[in-house]
Amino acid sequence: MAVTETDRVLKRFVSEVRLAAPTVAVWAHGSLAMGDFQPGRSDLDLIAIIESPANDAHRNQLTALHQRLADEEPAAAELHCSYLARAELCDVEARHVTWAHHTLLERPVTPVTRRELLDGGLTLHGPTPPELLPPLAPGQLEDFIRRDLAEFWLPATGRPRLWLRDIWVDLGLLVVARATVTLRDGRLITKGEALTELLALGAPADVVRDIHDRRYSDPEPIGRLRRIRRAMRARAFVRRGIERALAMGQGGCEPHPPPASPRNETKTS
């Protein structure tokens, strides 16, 4: 899939979303904004600022828009967008209408996403993120990351069967690397940079290579015995890595729901 397909989808989305809801701005974050976007593999992570909370008519129109794009544009298959009302931009805990994983749901826009936007969000329409988004409070990002590690990812290491799946291995290790760097250095890094950090943290080199190949090439499927062994080693590393990261400091929080899928609302992953 060529990069021009992604450009075309973004241009079309910006044009059509303005007809579906009163849109103030559209921004991209995640790998697209951070320079690590992999066509056909990476999600298209977007934020739309709308004048007022989405009503039922807006929800229906947004659902139809996303379904139409997914049907007509292959590059839109993993296009995700949260719709934030202008009046709710300061409320980090507010849940916003979001199209993700082929359905309309509600979830917060996390401090990680907000920091990505403030540091280098890609403006597709309207004012830039710093013109509308308030800055994060001191410690807000770090507290969120500690909460995510302690109450989502750490319990997940107690469920061995999860780690037989590629997505848990990939995101689990990347979460550890990215969270460690943010808690240690106060900065966000890409998934590509996290692969290098994983080696410095002592992650199994063959597992890191496995993650790299799934992100940047097309590796051969692995056998069951290797998958079991990889799951054990990845799970053990993630648990140790979380414990080390949490030792850098503590923060209070509300609990996450029990882990069901690593495609959760955080972007430490």
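Visitor: How many of the residues of strand β2 are buried?

Guide: This is a predicted model, in which local features need pLDDT of at least 70, side-chain atom pairs count only at pLDDT 80 or more, and totals for chains, interfaces and linings use all residues. Residues are numbered from 1 along each chain as its sequence is written, and side-chain values use heavy atoms, with hydrogens and water left out. Helices (H or I, at least four residues) and strands (E, at least two) are DSSP runs, numbered from the N terminus; buried means under 20% relative accessible area, exposed over 50%, and partly exposed in between (1.4 Å probe, protein chains only). Strand β2 covers residues 44-50 and is mostly covered, its buried residues numbering seven of seven.

Visitor: Which residues of β2 point the other way from L44, L46, A48 and I50?

Guide: L44, L46, A48 and I50 point one way from β2, and they are buried. The residues that point the other way are buried too: D45, I47 and I49.

Visitor: Which strand does β2 pair with in parallel?

Guide: Two strands pair if DSSP finds at least two bridges between them. Strand β1 (residues 23-29) is joined to β2 by six bridges, but these two run antiparallel, with T23 opposite I50. A parallel arrangement, with seven bridges, joins β2 to residues 79-85, where I49 has L84 as its bridge partner. The parallel partner is strand β3.

Visitor: Which residue takes a positive phi in the hairpin of β4 and β5?

Guide: Strands β4 (residues 96-100) and β5 (residues 103-107) run antiparallel and are joined by five bridges; T98, for example, is partnered with L105. The hairpin has two residues between the strands. The one with a positive phi, near 55 degrees, is H101.

Visitor: Is A94 buried or exposed?

Guide: A94 is found in the loop between β3 and β4. Contact means heavy atoms within 4.5 Å, and, leaving aside neighbours within four places in sequence, A94 is in contact with R107, P108 and V109. Because its relative accessibility is 11%, A94 counts as buried.

Visitor: What covers the buried residues of helix α8?

Guide: Helix α8 spans residues 191-200, and G192, A194, L195, E197 and L198 are buried in it. At the start of α8, a side-chain oxygen of T190 reaches to within 3.4 Å of the backbone nitrogen of G192. After α8 comes G202, with a positive phi near 90 degrees. The cover over the buried residues includes α7 (166-185), α9 and α10.

Visitor: How many salt bridges does a search of the whole structure find?

Guide: A salt bridge is a side-chain nitrogen of Lys or Arg within 4 Å of a carboxyl oxygen of Asp or Glu. One of them joins R12 and E16, with the closest N and O atoms 2.7 Å apart. The search of the whole structure gives a total of 22.

Visitor: How far apart along helix α1 are R12 and E16?

Guide: An α-helix has 3.6 residues a turn, so residues three or four places apart point the same way. R12 counts as buried because its relative accessibility is 18%, and E16 is buried because its relative accessible area is 19%. Both lie in helix α1 (residues 3-20), at a separation of about one turn of the helix, or four residues.

Visitor: How far apart in sequence are the parts that D166 and R227 tie together?

Guide: D166 forms a salt bridge with R227, in which the closest N and O atoms are 2.9 Å apart. D166 lies in helix α7 and R227 in helix α10, so the pair ties together parts whose separation in sequence is 61 residues.

Note on methods: Polar contact = N/O pair within 3.5 Å; in protein donor to acceptor, adjacent residues only side chain to side chain.
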